[in-house]
Amino acid sequence: EVWALDTGRFLSNLRYRWSWLRRLRRAGFAKVIHPVHSRVFLLGDALVRATNAAERIAPEGDCTNERRLKRLSDRWYSRLIPETSRQSMELLRHAEFMRGLGLSGFVARVPELPFSKAAPEFRSVSKPYAVLFVGGSWEGRVWRANNFGDIGRRLRECGVNVVLSGDPLARIQATKTLDCLNGNAIDL
């Protein structure tokens, strides 16, 4: 069963927030797993705490966004799974977390995704390639197009094909990045 939570509304609307916290408390969960490395105190940690589950598991994490609250929210978990590396790609972090849960043979691997009919130009991308996601969840997190262009040029110099991707709001950023790359990328 999937419960769809509007995170923006959860953070800004007190009535909506309280209804969710009550719903989670009443659900009677015995175990909650929160697999997020950079936990958010007022969102994920608050939701986990509201469950009042006997077993609450999360990665040790870094709470980069709210370091001062990490000590407090760490106490809301019955088990924090240690991480061996502070600097690691998400795929490897999640694999380490899964092994910490007891799946000792779990190995990180690139997912195999079926080709979409909506993106036939992707089939023409030859390996090796790198995908640059040029958007962000809010404008303050969006890297400048010339920075993506610099990275893209370096990748091209190493023989790596460049693919640009993002949500529809990243369209302008993708166009600017493509210009910085003199058209030497596939824009998806």
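**Close-up 1. The cysteines of this predicted model form zero disulfides.** Cys-158 is in no disulfide. Its nearest cysteine sulfur belongs to Cys-180, 18 Å away. A disulfide is a covalent bond between the sulfur atoms of two cysteines. Here the cut-off is 2.5 Å between the sulfur atoms. The sulfur of Cys-180 has that of Cys-158 as its closest cysteine sulfur, and at 18 Å this is too far for a bond. The surroundings of each cysteine can be given too. Cys-158 is exposed, at 63% relative accessible area. Cys-180 counts as partly exposed, at 25% relative accessibility.

**Close-up 2. Helix α3, residues 41-51, is mostly covered.** Nine of the eleven residues in α3 are buried. Phe-41, Leu-43 and Gly-44 are among them. Further along α3, Asp-45, Ala-46, Leu-47 and Val-48 are buried. Ala-50 and Thr-51 are buried as well. The cover over the buried residues of α3 includes the helices α1 (7-12), α2 (14-27) and α4 (70-74). Strands β1 (31-33) and β2 (55-59) also contribute to that cover.

**Close-up 3. Asn-52 follows helix α3.** The phi of Asn-52 is positive, near 60°.

**Close-up 4. Four residues make a nonpolar surface patch.** Met-89, Leu-91, Leu-92 and Val-110 build the patch, which has an area of about 380 Å². Leu-91 lies in helix α5, residues 90-100. Patch residues need over 30% relative accessible area. Leu-91 is partly exposed, with a value of 31%, so this residue passes that cut-off.

Conventions. Residues are numbered from 1 along each chain as its sequence is written. This is a predicted model: local features need pLDDT of at least 70, side-chain atom pairs count only at pLDDT 80 or more; totals for chains, interfaces and linings use all residues. Side-chain values use heavy atoms; hydrogens and water are left out. Buried means under 20% relative accessible area, exposed over 50%, partly exposed in between (1.4 Å probe, protein chains only). Helices (H or I, at least four residues) and strands (E, at least two) are DSSP runs, numbered from the N terminus. Contact means heavy atoms within 4.5 Å. Patches are made of residues with over 30% relative accessible area and no salt bridge: like charges are joined within 9 Å, nonpolar side chains (Val, Leu, Ile, Met, Phe, Trp, Tyr) within 5 Å. Accessible areas come from the Shrake-Rupley method with a 1.4 Å probe; for residues, only the protein chains shown count as cover. A salt bridge is a side-chain nitrogen of Lys or Arg within 4 Å of a carboxyl oxygen of Asp or Glu.
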